[in-house]
Amino acid sequence: MAGILEGRVAIVTGAGRGLGREHALELARQGAAVVVNDLGTTLDGAGVSVGPAQEVVEIIRAAGGDAVANGADIADFGQAAELVEQAVSTFGRLDILVNNAGFVRDRMLVNAGEDEWDAVIRVHLKGHFAPLRHASAYWRAESKAGRQPLARVINTSSGAGLQGSIGQAAYSAAKGGIASLTLVAAAELGRYGVAVNAIAPSARTRMTEGPFANAMAAPDGGFDRMDPANVSPVVAWLASADCTISGRVIEVEGGRICLEEGWRHGAVRELDRRWSAAEVGDAVRALVTEGTAPEAVYGA
């Protein structure tokens, strides 16, 4: 039986290990040709190796699928353009972009270094922007040429970006930015036939099995809720023609799918004049009382 992505072409970034690896394998099982991108770095972003990406390619090919490896630094604007070009030149088109790559340099805010902050923001936030920018230009050109795409983008946010996570200021800020980028991209790209959504996955990866070892541990038996492969069928559906939603963030953990509500307007107090500083306290306290309390920051 043909998969739900038969004949489609996908790029998956950070696809050599963890969630990205499982996404690439699942998309291939569903019929997509896959550009497997991975820089092959360590957990904190050091080193370069094409080995992890090539290993995934060989698994896909051995199962009868089609894939090629790519070792681009997705946060490098020029290399991100070459990544998109490789998909088009190799497979003749691009239909799906899964932005997944990233690493962590966890640190309490008072101990965080500027270089650590810059590195994490670069790989996650710019590493989403650059491939998305070049893929969007390709899809816009296709649309203007009369070949309206049926394209799908799946970004990767996180509960850290949506509710916050102690010790992960840079990571949380980047992942929150990715959620906002998803909203903007969905609004701008819909006219070109592109749906843009994000996932906020919870799974066992190199980034989570250290700091959250107990929560991420595999059980002795039964359903392994933290297996990263649990997330990938959701990604495959979001990449399919059947997915017509756009601009949403979906939390995925094990067999649980949760639609994130995000920022929304709440209770209001309004005057027909400027507020005095002395009046603001009572008004804001009343608004907080009437509103919904934010979810607790993870680790608090």
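This is a predicted model: local features need pLDDT of at least 70, side-chain atom pairs count only at pLDDT 80 or more; totals for chains, interfaces and linings use all residues.
User: Thanks! So is Arg273 buried, exposed or partly exposed?
Analyst: Arg273 has a relative accessible area of 45%, so the residue counts as partly exposed.

User: And which side chain does Arg273 meet in a salt bridge?
Analyst: That would be Glu279, at 2.7 Å from N to O. Glu279 is partly exposed too, because its relative accessible area is 28%.

User: Why can side chains pair up like that?
Analyst: Opposite charges can pair when the charged atoms come close.

User: Can you show me another? What does Asp95 pair with?
Analyst: Asp95 forms a salt bridge with Arg93, at 2.6 Å from N to O. Asp95 is buried, because its relative accessibility is 4%. Arg93, at 39%, is partly exposed.

User: Nice. Switching topic, what about Arg204? Which residue is its salt-bridge partner?
Analyst: Arg204 meets Asp224, with 2.6 Å from N to O. This pair links distant parts of the chain, 20 residues apart. Arg204 is in the loop between strand 6 (194-202) and helix 7 (213-216), while Asp224 is in the loop between helix 7 and helix 8 (232-238).

User: And is Asp224 buried or exposed?
Analyst: Asp224 is buried, because its relative accessible area is 17%.

Key:
Residues are numbered from 1 along each chain as its sequence is written. Side-chain values use heavy atoms; hydrogens and water are left out. A salt bridge is a side-chain nitrogen of Lys or Arg within 4 Å of a carboxyl oxygen of Asp or Glu. Buried means under 20% relative accessible area, exposed over 50%, partly exposed in between (1.4 Å probe, protein chains only). Helices (H or I, at least four residues) and strands (E, at least two) are DSSP runs, numbered from the N terminus.
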